[in-house]
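The sequence and the coordinates are shown below.

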Amino acid sequence: MPLRLVDYRITRFQFARDRVIGDSQVRADDANVVALELIADNGAVGLGFAQTLFVPMPAEAEIGRIFRTELWPALEGGYPSAMVHRVGRPRGGNQRTPMLPFGEAIQVALWDLAAKEAGLPLFKLLGGTRGRVRAYASGLDFHLSDDAFAELFGHADAIGYSAFKIKVGSPDFDWDLHRIELLKKSVRKNALVMIDANEAWGAKEAAAKLEKIHRAGHDLLWVEDPILRNDYEGLRLLRRACPWTLINSGEYLDATGKRILMEEGATDILNVHGQVTDVMRIGWLAADKGIPVSLGNTFLELGVHTACALPEVEWLEYSFQNFDHLVEEPVLIEDGFAYAPERPGHGLVLSETARKQWHRPELLGRDALGEAPHNPRVGAAPRQRQTANDC
């Protein structure tokens, strides 16, 4: 008999990050995460994660209430292997966002169960024939000091990465140029360099700044989100004005927005994230249009499965976030490649040690979080960049 959903478990985590992460618009120094485990009638468990970046999750009891009233009624008794393919047609009041960001967690947990039912690793269930994808080192580094920045990317270079993405978009453009130069001094010769402005610029401003970067002798593989996500005319302008680099966009758009972005001819590379069903559907359309796809940050690198399943994907982003303690065996990343787990499902299982040691059912103040969980993929924790707000 096919698997059916009969229960769920919610575990709230809250802990300090081992460095300040952020870009030209935002910053965060703590992690607020919920593990969602969907339980089938044979005891199989599908695991997904929800997180909020800039405000803490409510207490676990309230999270449970929201999930139970808003989301569980549409899941209870359902067949995961069928639900992952469901096509909805929301209308009126049904077209709304849940109070908490459970969408990705539900998709990932359902696909985990569907692949376990099939006895296949998720990337193979999705049609993938390769088991690894190139990974680039991303620092989420805007708020790091120069020393910490150089330390982080120097470490990434030393362990095998050959492509690196840094944050730009400072009001002081000389600072942006300095960080690009510092990166090139910190990593191997002929490394591939990407920059991410997180929509900090206007279209003409971006064209002028990218031209200055080019004239300064900096070759870029791509510039990510240089301007507003839905400025399609501006993005087309940049594609024409800067033929020496690629425009990577789509990170902030939903599946519909990504479709429009491609139809408008407004990107060279489509940036997708962790919602498995949406990524596969939009990936099919990207393949049909001949547009390459890149996998941006996904929680615990679960995007490796869709990256390996879509032939247009050459790159997966890895940002050295200290989340590995949450699972028994994280995704293997070695010599600049991320390897999809060969275990049935997506291959990640919630750590029982983490459930005991890092479970935070009640909301804690930042000062009560204590030391950050150890991050085995970096050396000493990078020091944050001091800003006016820190003084």
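## Salt bridges

A salt bridge is here a side-chain nitrogen of Lys or Arg within 4 Å of a carboxyl oxygen of Asp or Glu. The model is predicted, and the structure holds 22 salt bridges. Side chains of opposite charge can pair when their charged atoms come close.

A salt bridge of 3.3 Å, N to O, is formed by the side chains of Lys124 and Glu342. Lys124 belongs to helix α4 (residues 122–125) and Glu342 to the loop between β13 and α12, so the pair ties together parts that are 218 residues apart in sequence. Lys124 counts as partly exposed, its relative accessibility being 39%. Another salt bridge, of 2.9 Å, N to O, involves the side chains of Arg236 and Glu264. Here the linked parts are helix α8 (residues 232–241), which holds Arg236, and the loop between α9 (255–263) and β9 (269–272), which holds Glu264; the two residues are 28 residues apart. Arg236 is partly exposed, with a relative accessible area of 26%, and Glu264 is partly exposed at 36% relative accessibility.

Salt bridges also form a network, which links Lys165, Lys167, Asp196, Glu224 and Glu317.

## Strand β4 and its partners

Strand β4 (residues 132–138) is largely enclosed by the rest of the structure, because 5 of its 7 residues are buried. Its pairing with strand β11 (residues 313–318) is parallel and comprises 4 bridges. Strand β5 (residues 163–167) also pairs with β4 in the parallel sense, over 2 bridges. Ala137 takes part in both pairings: its bridge partner in β11 is Tyr318, and its bridge partner in β5 is Phe164.

The pairing of β4 with strand β13 (residues 337–339) is antiparallel and has 3 bridges. In this pairing, Arg132 has Tyr339 of β13 as its bridge partner.

## The surroundings of Gln14

Gln14 is located in strand β1 (residues 5–22). With a relative accessible area of 1%, Gln14 is buried, because the cut-off for burial is under 20%. Its side chain makes a polar contact of 3.2 Å with the side chain of Arg12 and reaches the backbone oxygen of Leu364 at 2.9 Å.

Beyond its neighbours up to four places away in sequence, Gln14 touches a set of residues that includes Asp30, Ala31, Asn32 and Pro56. Trp358, Arg360, Glu362, Leu363, Leu364 and Leu369 are also among the residues that Gln14 touches.

## The surroundings of Arg377

Arg377 is found in the segment after α12. The residue is buried, with a relative accessible area of 15%. The side chains of Arg377 and Asp324 are joined by a polar contact of 2.7 Å, while the backbone oxygen of Val331 is reached by the side chain of Arg377 at 2.8 Å.

Residues up to four places away in sequence aside, Arg377 touches His155, Ile159, Tyr318, Phe320, Asp324, Pro330, Val331, Leu332 and Ile333. Tyr318 of this set is also the bridge partner of Ala137 in β11.

## Surface patch and loop positions

Val26, Leu53, Phe54 and Val55 make a nonpolar surface patch of about 330 Å². Val55 counts as exposed, at 51% relative accessibility.

Gly77 is placed in the loop between α1 and α2 (80–83). Not counting residues up to four places away in sequence, Gly77 touches Arg4 and Leu5. Its C-alpha atom is separated by 35 Å from that of Asp288, a residue 211 residues apart from Gly77 along the chain.

Definitions and conventions
Residues numbered from 1 in each chain as written. Predicted model: local features only at pLDDT ≥ 70, side-chain atom pairs only at ≥ 80, totals over all residues. Heavy atoms only, no water. Buried < 20%, exposed > 50% of the residue type's maximum accessible area, 1.4 Å probe, protein only. Polar contact = N/O pair within 3.5 Å; in protein donor to acceptor, adjacent residues only side chain to side chain. Contact = heavy atoms within 4.5 Å. Patch = residues over 30% accessible without salt bridge, like charges linked within 9 Å, V, L, I, M, F, W, Y side chains within 5 Å. Areas by Shrake-Rupley, 256 points an atom, 1.4 Å probe, with all protein chains shown as cover. Pairing = 2+ DSSP bridges.
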